[in-house]
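Dear colleague,

Please find the structure below, handed over for your review. My notes on it follow directly after.

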Amino acid sequence: MTDTFDYVIVGAGSSGSPLANRLSADPSVSVLLLEAGGEAKSPNIAIPAGFSELFKSKYDWNYETTPQPGLDGRTVYWPRGKVLGGSSALNAMMWVPGFAADYDTWGELAGPQWNYRSLASTLGSTQISVEEQRDPRALTDVFLDAVRQAGYEVEMANSDEPRGFTRTRVTQAKGTRHSAARAYLTPVRKSRKNLTVRTEAQATKVVMTGRTATGVEYIAADGSRRTAHATREVVLCGGAVNTPQLLMLSGIGDAEQLRRHGIDVVVDSPEVGANMRDHLVSLFAISVEGGTLLDATKPSQLASFLLKKRGMLTSNIAEAYGFVRTDPSLALPDVEIIFAPAAYVEEGLNGIPAHGISAGPILLQPKSHGEVRLASADPRAKPVVDPRYLSDPDGHDRATLLRGLQIVLDVFGTPAIKEVATGTYLAPAGGERMTHDDLLVAALEQVSHTLYHPTSTARMGLDEKSVVDPDLRVRGVERLRVADASVMPEIIRGHTHAPSVVIGERAAQLIMRG
């Protein structure tokens, strides 16, 4: 089966959803949006506190990294959204755009249209609903009291240069998740006849005529292979794992790697899949007497959510965070401390073990760079994901996270936390019996995991080696763009959902500008 549209977009996530909305606002333009996953039907998508129930489900690509030497040889689970809304349907709903300086760095590397001044109005005017939490736990206030006692400021969220701690602002609408699909697709899918959304449609290849993108091959829900032709452009919005994989399957990537898998080379672009950044988080979980999200599934809480959209089930889990400098000489924070009024052990994959609270440092500007590469030429085979955590030769990343862990211990040592804590560790288990140094190392090597923010695997830049140019056009081919977190020239200090939405919005502006 073949059919033809003006634009074919691959991926209905944080970037693809706004892009499809904006392009299809012109009724003379036809848009096809392909999403490998299905409709967002699970109640755990709408229920904020239920997001870990979506991990390793049909809504998740369910990636696993290669063994990481810096993390004692462990592999690390990487959830990525495989559903309308992409990872915005699975994430912790934190709207943390980051620092103005992050976007000014983009401007230096990819041109002034990507600096903070150029993007600020878009950051503040997306269709994503961003709200204060409806029903935060009292333990979150205890944590904020503790950081004050430890000498840190508590401030309003989302200034252009955050310097302290705050309650998380969340991507919710009246207590339920407001994903990119809900914000940008739900309002227009039925009314816009020029917008076609196809779910369970996994892209397998960008169709090329010479060096011009003319469509996308995909596997439909019934297992048949189909081709959608694009008369104007193809835009890839699959994210920092799937986009480089699809580029490589289409013959755009490192020539030696492509030939090794029997793929004809269209463009030798060695940086496809390279330059990966991710935010690594470590944490401590300590036991407390009660008042945590362990009680979120009680009948009373379910009733509160269903009847009033209030209660523990409206929690995004990570209810507070703050930016700190582990080195006073730094101009900007190098660590974010994140807090949850729950024992977020093993990412919730095995439930919450007991009443506890969790806090840990996030490495904001990693020096370690990873990669995505093909495992085979089979588009259904998962790519190889190797973030190379803590691999920088100078040991900067490891030292920074250890300092961040010490800051968390300092906060846990305040009177506010001592009043509620029982003195035992849930992660790392038995930490109260370890020496100080062993406790730090155990948390770093045994507990650390991704904060789900991979970026930069199809880097945008002014230089010819970059995968895409400042207008998001893939270098070396015509009528093909990338618009998702993979184009970020550098990872931001904030969380990647907000800038990914902005990239989708900016892509639409660039395309419509011509």
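Which side chain does a polar contact of 3.0 Å join to that of Asp6? The partner is Thr231, side chain to side chain. A polar contact here is a pair of N or O atoms within 3.5 Å; within protein, one must be able to donate a hydrogen and the other to accept it, and residues adjacent in sequence count only if both atoms are side-chain atoms.

Please note that this is a predicted model, in which local features need pLDDT of at least 70 and side-chain atom pairs count only at pLDDT 80 or more, while totals for chains, interfaces and linings use all residues. Residues are numbered from 1 along each chain as its sequence is written, and side-chain values use heavy atoms, with hydrogens and water left out.

Asp6 belongs to strand S1 (residues 2-10); helices (H or I, at least four residues) and strands (E, at least two) are DSSP runs, numbered from the N terminus. Asp6 counts as buried because its relative accessibility is 14%, where buried means under 20% relative accessible area, exposed over 50% and partly exposed in between (1.4 Å probe, protein chains only). A polar atom of the Asp6 side chain also lies 2.9 Å from the backbone nitrogen of Ser30. Leaving aside residues up to four places away in sequence, Asp6 touches several residues, among them Val29, Ala230 and Arg232; contact means heavy atoms within 4.5 Å.

**Ser315**

Ser315 sits in the loop between helix H9 (299-308) and strand S16 (320-324) and is buried, with a relative accessible area of 3%. The side chains of Ser315 and Glu319 are joined by a polar contact of 2.7 Å. Beyond residues up to four places away in sequence, Ser315 touches Pro48, Ala49 and Leu293.

**Helices**

Helix H4 (residues 116-123) packs with helix H13 (residues 497-513) at an angle of about 100 degrees, the axes being 10 Å apart. The two helices are therefore roughly perpendicular to each other. On the H4 side the contact is made by Ser118, Leu119, Thr122 and Leu123, and on the H13 side by Ala498, Val502, Glu505, Arg506 and Gln509. Axes are lines fitted to C-alpha atoms, for helices over the stretch in contact, and angles run from 0 to 180 degrees between N-to-C directions; under 35 degrees counts as roughly parallel, over 145 as roughly antiparallel, 65 to 115 as roughly perpendicular and the rest as oblique.

Helix H7 (residues 239-249) is mostly covered, with 11 of its 11 residues buried. Just after H7, Gly251 takes a positive phi of about 90 degrees.

**Aromatic pairs**

The structure holds 13 aromatic pairs, that is, rings of Phe, Tyr and Trp (its six-membered ring) whose centres lie within 6.5 Å; planes under 30 degrees apart count as stacked, over 60 as edge-to-face and the rest as tilted. One of the pairs, Phe284 with Tyr425, is edge-to-face, at 5.9 Å centre to centre and 75 degrees between the planes. Phe284 lies in strand S15 (residues 284-288) and Tyr425 in strand S21 (residues 421-427), so the pair ties together parts that are 141 residues apart in sequence. Both Phe284 and Tyr425 are buried.

**Backbone geometry**

Most residues other than glycine have a negative phi, and most peptide bonds are trans. Glu200, not a glycine, has a positive phi of about 50 degrees, and Arg479, likewise not a glycine, has one of about 65 degrees. The peptide bond from Ala427 to Pro428 is cis, with omega near -10 degrees.

With kind regards
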